[in-house]
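Subject: Handing over a structure, with notes

Dear colleague,

I am passing on to you the structure shown below, and after it I set out what was found there. Please read the notes with the structure open beside them.

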Amino acid sequence: MSRLSEAELEKMIKVLEGIVSKEYVSTNLFERIKNTLDVYPYEVQREQICYAVVMPGTTQEISEIMKYANSIKVPVFIRGSGTHLGGNYRPHAPGIVINTHRLDKLEVFEDCGYFECEPGCIVARVADKLAELGYFLPMAPGSRQIATMGGIVVNNTSGHIVDPSIGKPGDYLLGLEVVLPDGEIIETGTKGLRRPAGTDLTKLFLGGDGLLGVITKIRMRLVPQPERAYGLAVYKDLLSLARGVQRMYLERRPAPLFMEFLDDRAASFGFGLRGLESPGGPVIMFVSIGSSEREAIDKAEKILESLRAEGTIDAYMVHDLDVWEKIWTSREVIGSNLMQQSGAQLSSAEVSSNLKDLVDCMQDCINFNKGLPLLSKLDLYLFGHIGALTLHPAVLIPREWDDEQKREAVDEKFKREAELNLKYGTCGGEWGQFGKRKDFFVKRYGERSYEIVKGLKKMMDPNNILNPGILEGYR
């Protein structure tokens with residue numbers, strides 16, 4: 001795909017303005033850079049900056065954009081809020097960015113047992129609306145205040161939620177409306193509460209890394225809001241903490257809805273931000289659920305029985321909701337405040353353990369940056385979704401490092417992450433499997449598996465128009 005000439009670019013802009021109106025096509029340099037950036041600390045290269053940002057308001061407009069892009073062989077990149085951590089978004093060549101923020105319609109059909117929303121809906125807005133009606137949104141990314149529903153579904157990520165408790169968003173997904181890379185519009189799934197057996201094209205686009213189509217409508221089953229109970233455990237060390245989680249599962253305790261952990265440094269920092277005393281060690285914070293308050297409390301007490309048996313300093317129920325809110329948000333505010341105070345960029349890995357080797361995996365994550373040329377120079381913070389056996393070793397990459405150092409540091413992180421997930425036979429449970437994880441996918445699942453995905457992409461997107469570079473693992 002060669003770069004457009006000035007005349008070709010001018011013509012393209014006029015066509016796009018004809019599709020969505022002039023108001024919703026931006027060639028402003030700031031907007032173009034903003035819609036090309038991802039979470040990584042190095043700068044966007046000039047040759048990566050998109051030609052234009054287009055903000056369609058309907059499925060039909062996206063269809064027309066995709067048809068036109070195919071006719072002139074210009075790549076199209078889909079942009080929600082840009083909060084993903086998988087390295088999937090940053091374009092490798094100039095093209096058209098479709099920003100989905102105007103696609104934000106939300107409708108709840110209580111008499112049908114489902115809701116429908118467009119991909120630009122903010123997760124927190126959907127969750128709040130459902131909560132008003134007595135329902136629960138089965139996804140809870142840390143970035144829910146700005147993350148979009150389209151981004152969640154395209155990665156099938158549940159965020160903080162513990163998979164063994166209620167599953168992934170895909171377990172509640174009834175169907176999708178999708179614009180294919182050639183501009184065709186299809187509907188998948190069902191409007192019934194029983195999901196299709198056999199072939200269901202929904203599964204191609206759910207967790208599809210944005211490779212095969214543009215999701216324009218999401219239909220999900222309504223889930224009644226559960227009752228909740230809250231607990232906290234403070235440990236003498238991280239290995240005891242890991243053993244406590246192992247014991248919880250091996251003693252067949254009911255899996256919590258949320259179960260987060262913070263190492264000693266992260267806990268002290270986060271608790272301090274919320275005006276709480278330092279807990280004095282690494283912590284687990286968890287939420288149990290039930291159909292009644294009594295059931296939720298009973299489950300929490302059973303979980304605490306297992307956690308207490310493995311080197312706790314303290315472990316107890318939290319009954320004051322104001323106190324719980326401070327404890328819980330101490331986890332959520334760590335990253336942004338560390339970056340604000342240090343001026344550096346937090347970069348975390350996703351290491352998933354199997355249950356049997358959780359203690360060994362915890363030790364490996366404690367040593368995550370040891371022996372690495374750049375990351376070993378940086379302090380390590382360790383936190384994550386321990387109930388889902390997911391750990392996030394994180395470092396602060398200094399702002400003063402040059403771009404090549406920052407790239408090398410990020411590459412070191414992904415290489416070490418891949419080594420550990422290969423060691424434990426796991427994979428990422430939150431972020432996409434391609435982009436910067438392409439080499440891991442090939443090693444984990446084999447060249448033949450990769451060729452199958454490439455074949456699907458080639459069949460559905462022969463011109464490689466939609467989100468090119470993700471599957472190839474562009475750096």
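Asn156 is buried, with a relative accessible area of 18%, where buried means under 20% relative accessible area, exposed over 50% and partly exposed in between, for a 1.4 Å probe and protein chains only. This residue sits in the loop between α5 (149–155) and α6 (163–166), and its phi is near 50 degrees, a positive value in a residue other than glycine. Asp209 likewise has a positive phi, near 60 degrees, without being a glycine; Asp209 lies in the loop between α7 (202–205) and β9, and at 7% relative accessibility it counts as buried.

Before going further, please keep in mind that this is a predicted model, in which local features need pLDDT of at least 70 and side-chain atom pairs count only at pLDDT 80 or more, while totals for chains, interfaces and linings use all residues. Residues are numbered from 1 along each chain as its sequence is written, and side-chain values use heavy atoms, with hydrogens and water left out.

As to the whole, the secondary structure of the protein chain comes to 16 helices and 17 strands, which are DSSP runs numbered from the N terminus (helices H or I of at least four residues, strands E of at least two). The radius of gyration of the protein chain is 23 Å, close to the 23 Å that the globule rule gives for 475 residues, so the chain is as compact as a globular protein of that length; the radius is taken over C-alpha atoms, and the rule is 2.2 Å times the number of residues to the power 0.38. The C-alpha atoms fill a box of roughly 70 × 60 × 45 Å along the principal axes, and buried residues make up 56% of the 475 residues. Among contacts (heavy atoms within 4.5 Å) between residues at least 6 apart in sequence, 70% join residues at least 24 apart.

Two sheets deserve a description. In one, five strands form an open sheet in the order β5-β6-β9-β7-β8, with antiparallel pairing, where two strands pair if DSSP finds at least two bridges between them. Its edge strands are β5 (106–109) and β8 (185–187), each of which pairs on one side only, and the twist averages 15 degrees from one strand to the next. Helix α3 (residues 59–72) packs on this sheet, touching β7 (173–179), β8 and β9 (214–221), and its direction makes about 45 degrees with that of β7; axes are lines fitted to C-alpha atoms, for helices over the stretch in contact, and angles run from 0 to 180 degrees between N-to-C directions. Helix α4 (residues 123–132) also packs on the sheet, where it touches β5 and β6 and makes about 30 degrees with the direction of β5.

Within that sheet, β5 and β6 (residues 114–117) pair in the antiparallel sense over four bridges. Phe115 of β6 is the bridge partner of Val108, and Cys117 of β6 is that of Leu106. The two strands form a hairpin with four residues between them, and Gly113 in the turn has a positive phi of about 85 degrees.

In the other sheet, four strands are arranged openly in the order β1-β2-β4-β3, with mixed pairing. Here β1 (25–26) and β3 (76–79) stand at the edges with a single partner strand each, so one side of each is left without a neighbour in the sheet. Val25 stands opposite Val54 in β2, and α3 lies across β2, β3 and β4 (96–99), running at about 170 degrees to β4.

Lastly, there is one more residue to look at. Ser288 is found in strand β12 (residues 283–290) and counts as buried, at 1% relative accessibility. A polar atom of its side chain lies 2.7 Å from the backbone oxygen of Ala296, and a polar atom of the Ser288 side chain lies 3.4 Å from the backbone nitrogen of Ala300. Not counting residues up to four places away in sequence, Ser288 touches several residues, among them Glu227, Arg228 and Leu257.

How values were computed:
A polar contact is a pair of N or O atoms within 3.5 Å; within protein, one must be able to donate a hydrogen and the other to accept it, and residues adjacent in sequence count only if both atoms are side-chain atoms.
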